[in-house]
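Work through these exercises with the structure open. Each task is followed by a stepwise solution.

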Amino acid sequence: MDLNLLALQLLNGLALGVLYLLIASGLSVIFGMTDIINFAHGALYMLGAYVGLTVIDATGSFWIALLLAPLIVGVVGVIIERSTLHRIYDRDPLYHIILTFGLTLMISDAVEFIWGKSPQQFPGPELITGAMELGPIFYPRYKLFLILAGFAVAGGVWALFEWTDFGLIVRGGAQSRRTVRIMGINIANYFTLVFGLAAVLAGIAGVLAGPFLNVTPTMGDEIIITAFIVVVVGGLGSFRGSVIAALLIGLVQSLGTVFLPQFTGFLIYLLMILVLLIRPQGLLGEYEVRSESTKVTFSEIIEPVPLTDRRVLGFVGVLALVPLGIDSFYSQYFVGLLSLMFIWGILALSLDMVMGYMGLLSFGHAAFFGIGAYVTGLFTMHIFNSFVLAAIVAILLAAAVAWVIGALSVRLTGVYFAMITLAFAQMFHQLALTWNDVTGGSDGLTGVPTIELFGVGLVSLGSTATFYYFSLAVTIATYFVAVKLLDSPFGRIVTAIRESERRVSFLGYDTDLYKRRAFALSGGIGGLAGALLAAYQTFVSAGTLHWVVSGDVVIAMMFGGIGTLFGPIFGAGLFIGLQEILSSYTDQWRFVLGLLLVLTVMVAPRGLITVYSSVRDAIRIRLGSGGGPQTDVTTDGGEKR
């Protein structure tokens, strides 16, 4: 072993760990007080780098940028908190995660619109350029400054929370908000200040990272996942734990790139999974997530619309006529786009079975989507060109993987469940990137043939109209099966677990067993959606497994309606349709989608389907028809309203 190389990598790991610490410390203080895992934190870090660039262009001084840019980002953080999160703190905290994901889309696209997509160089301060001799090695002065500055900032934050009245109130609010309110303190204002402070820390990290990392609009996407890993490993809400975990992960990544390059991408995700399974509170965390933060529950039940409903039959009839207008009224591309909506509708339905009926937010459903796509592509390329056989294998394998993940994960709830599913999905994404001989690596799986339905040359899914009818039929069949399963005793038990797992357990049911089964079923349906995707585009990329895809599915589900089964299908169609329409007019289409997601969470948390129901009922009342909802909404007691 080259000791000089080892020393160099240890210093690199320390510098990287300090950067992670600055970001993760902000996440940690936010979570400790509000139970919010802030997905927008990575976007604020990226914003800090770009604002710093602008300040340097205007003043020519890195030091002024290091002072002003974080303050500007802090102001942005305060505005974000006051205009969005401040208004919904009484909601289930899992909604806060979804809202901050929407904010991430908005900030990233706004930065791209203002500063452009191209990577930009961030000039470092001339005072600390070059390298310094440290015994037998030379090390960049700027990275040494980063290490010292990072520890200084972290020490200042620790002192703020340990030795000031502000810190005392924040720590008290993290333990018991009610007690702090009784003392006459407006705890909501402290939420805002904590969020602003966390944004300042993200801005500092962005400015300090600029001189040795490329500044791009996507620079926050990966580092936010690493920051999540840091706060989970260190302990949610534990500042000291975040310090230790950040330095540990920085060293693991730095040393791994030299000594274990083929495993580096897996190590930090594996570490996060092991910590969540063995000690969910983290290395130094003693914090327990508040009971109201564990699951999404609903005050009203919206029953799935039966396929025999006249409106459904009429809508399906219209859809069946669509291919007849090819080349006369619209192109084949339009029909193919509708097919893609069906695929995403199935995927969103699979997620709804987890969040809508189990009450657990999964940020890892891209794993099952990607597994289904890769298995179908590989099966038809190397074994037999039959979609039916390939899809069966894809569904079974995706369900088996979901069963294993569920067996390990379902005893966790709330943000813990969201984080562990995200970690599993990212491990599969890393596997797809590194297993070049099988998956094609970053180039993707090319050469997927035009897939035959049965493999005997009778029906080819290469025809736009044929694939459209087939995907429509599969969507209808999947919805029918999902409705029947969730209307069965099995489905009733799963829904009851969402509302009160303890009561169901007292009745003698093995709640973990039912959750594993439901999660496996959801994973199998996600695998079916992936199989259809492989047949649709005859190409599979590692991007299918990325966590951003899981986020997109959450958007689709939220748009339509959680816990309805039909709502997510509608939401998926809306998501794909808006993406297609908006992207034809602007590159910043994700900003609009993020804004719509934020508004949906704030105004219609059950999805747009509830807006339709509310408008319909208001019209009925105005017309004197005698009432509100007639069939599909019931109270917990089962009485129709």
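**Exercise 1.** At what angle do helix α2 and helix α9 pack, and how far apart are their axes?

*Solution.* Start with the ground rules. The model is predicted: local features need pLDDT of at least 70, side-chain atom pairs count only at pLDDT 80 or more, and totals for chains, interfaces and linings use all residues. Residues are numbered from 1 along each chain as its sequence is written, and side-chain values use heavy atoms, without hydrogens or water.

Step 1. Locate the helices: α2 spans residues 41–59 and α9 spans residues 219–234. Helices are DSSP runs of H or I with at least four residues, numbered from the N terminus.

Step 2. Read the geometry. The angle is about 130°, and the axes lie 8 Å apart. Axes are lines fitted to C-alpha atoms over the stretch in contact, and angles run from 0 to 180 degrees between N-to-C directions.

Step 3. Classify the pair. α2 and α9 are therefore oblique to each other (under 35 degrees is roughly parallel, over 145 roughly antiparallel, 65 to 115 roughly perpendicular, the rest oblique). The crossing is right-handed (the near helix is turned clockwise from the far one by less than a right angle).

Step 4. List the contacts (heavy atoms within 4.5 Å). From α2 come H41, G42, Y45, M46 and A49; from α9 come M219, G220, I223 and I224. By class, this contact has six nonpolar, three polar and no charged residues. Ala, Val, Leu, Ile, Met, Phe, Trp, Tyr, Cys and Pro count as nonpolar, Asp, Glu, Lys and Arg as charged, and the others, Gly among them, as polar.

**Exercise 2.** Describe how α2 packs with helix α8.

*Solution.* Step 1. Helix α8 covers residues 187–209, and its axis lies 7 Å from that of α2, at an angle of about 55°. That makes α2 oblique to α8.

Step 1. This crossing is right-handed. The classes are nine nonpolar, five polar and no charged.

**Exercise 3.** Which residues line the largest cavity?

*Solution.* Step 1. A cavity is a set of points on a 1 Å grid over the protein atoms alone where a 1.4 Å probe fits but cannot get out; lining residues have an atom within 4 Å of a point.

Step 1. Count and size. The structure holds one cavity of 30 Å³ or more. The largest cavity has about 40 Å³ of space.

Step 2. Name the lining: F39, G42, A43, M46, T104, S108, G220, D221 and I224. Helices α2, α4 (93–115) and α9 each supply at least two of the lining residues. The lining divides into four nonpolar, four polar and one charged.

Technical notes:
1 Å grid on protein atoms, 1.4 Å probe; cavity = no way out; pocket = protein on both sides within 12 Å on 5 of 7 lines; lining within 4 Å. Points joined across faces, edges and corners; volume = space filled by probe spheres on them.
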